Amino acid sequence: MKVIIKQSSKEGSLWAAHHIAAKINEKKARTDEPFVIGLCTGSTPIETYAELIRMVKAGEVSFKNVISFNMDEYVGLPENHPESYHSFMHKYLFDQIDEPAENIHILNGNAPDLDAECAAYEKAIAAAGGFDLFLGGIGEDGHIAFNEPFSPLSSHTRVVTLTEDTRIVNSRFFGGDMNLVPKQALSVGVATVTGAREVVILAFGPKKARAIKDAVEGPYSHMCTVSALQTHENGIIVADEASVGELKVNSYKYFKAVEAAEKL
C-alpha cells in the first residue's frame, strides 16, 4: 500500500485526476484495448471529476475508449431521482466527457431480480477484461463502496443493507432526513474492488482520520474493509494533511519520504 499525502483535498483531487489520465493515455499508447475503470460517487470525487472534465475538454485525455463501472446504487430509488447515483454521475462527469453511452455501466437498483442484476454485473466486468483502475472513497468507519464493517473481504457484487451510521451520514443529501435514505443498495464487493490491477482510494478531511489510521496501521480485517488494500500490489490512498492526523509520526514520515523519492 502507498499513501500519497497532499496539503489539501484540492491538491489530492488534482493528483488523482492526473494519475487517472496518465494511466488512460499510457494504455492508449500501447494497445487498442479499452481502459476499464471503476468509479465512485459522493462529495469526495467531485473535484477529481471536475479536473478530468477540464482535461477532456482541453484534449489532454479522452474517454472514447474507456469502459466504466460504478461501484454502487441505492435499491428502490428511481434513476432520475436527484440523489440516485445515476443522476450524480451524469451531473458530475458523464454529461461533460466523451465516454460513449454504451460504455457506461451503473447497477440497476430497480431490477426485478436484484441478485441476477449483481451476477450480471460481475460477468460484464470480467467480459470487459477486468478493472485497470478502481477509483473509490472511504467511509468514516473505513468502508469502501457499501461494504460496511464485517462485510466479507472475499465479497463480490451483491445486495447490501446499509447501517444506521451510513444512512445518517448520507442523509445530508436527503435534506437531513435519514428516513428518506434507502435501507438497501447494490454494491460491488471488496474482492471486486481489490481485483482491479490498481486501486486508488480518496480520503480527505479530519472525519476520515480514524479510518485511514485503521486502514494503514490496523489489522487486515473485515471490521475495516478498506484494510483489504494492505495486501494489494498497487493500492494507493490519496489523502490530505487533515485526514492523516492520527497516523504515527514515523508512518507519516515514511510515506512522505517515499513520495519525495519518487519525484527524483
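The lining of the largest pocket in this predicted model divides into 16 nonpolar, 14 polar and 10 charged residues. In total, 40 residues line this pocket. Its volume is about 950 Å³. Gly-42, Ser-43, Asn-170, Arg-172 and Phe-173 lie nearest the pocket centre.

Several secondary-structure elements contribute to this lining. Helices α1 (9-30), α2 (46-57), α3 (85-92) and α5 (164-170) each supply at least two residues, as does strand β4 (72-74). The largest share comes from α3, which provides five residues.

Aromatic contacts were examined next. The count comes to nine aromatic pairs. In one of them, the ring centres of Phe-69 and Phe-131 are 5.8 Å apart. Their planes meet at 90°, over the 60-degree cut-off, so the pair is edge-to-face. Phe-69 belongs to strand β3 (residues 66-70), whereas Phe-131 sits in the loop between α4 (114-127) and β6 (133-136). The pair therefore ties together parts that are 62 residues apart in sequence.

Both partners are shielded. Phe-69 has a relative accessible area of 1% and is buried. Phe-131 also counts as buried, at 3% relative accessibility. Phe-131 takes part in another ring pair, with Phe-134. Here the centres lie 4.8 Å apart and the planes stand at 70°, so this pair is edge-to-face as well. Phe-134 is buried too, with a relative accessible area of 0%. Ring pairs link Phe-69, Phe-131 and Phe-134, together with Tyr-121, into a cluster.

Phe-131 is thus a member of both edge-to-face pairs described here, with Phe-69 and with Phe-134.

Methods
Residues are numbered from 1 along each chain as its sequence is written. This is a predicted model: local features need pLDDT of at least 70, side-chain atom pairs count only at pLDDT 80 or more; totals for chains, interfaces and linings use all residues. Side-chain values use heavy atoms; hydrogens and water are left out. On a 1 Å grid over the protein atoms alone, a cavity is a set of points where a 1.4 Å probe fits but cannot get out, and a pocket is an open set with protein on both sides within 12 Å along at least five of seven lines; lining residues have an atom within 4 Å of a point. Grid points are joined across faces, edges and corners, and a volume is the space filled by probe spheres set on the points. Helices (H or I, at least four residues) and strands (E, at least two) are DSSP runs, numbered from the N terminus. Ala, Val, Leu, Ile, Met, Phe, Trp, Tyr, Cys and Pro count as nonpolar, Asp, Glu, Lys and Arg as charged, and the others, Gly among them, as polar. Rings of Phe, Tyr and Trp (its six-membered ring) pair if their centres lie within 6.5 Å; planes under 30 degrees apart count as stacked, over 60 as edge-to-face and the rest as tilted. Buried means under 20% relative accessible area, exposed over 50%, partly exposed in between (1.4 Å probe, protein chains only).
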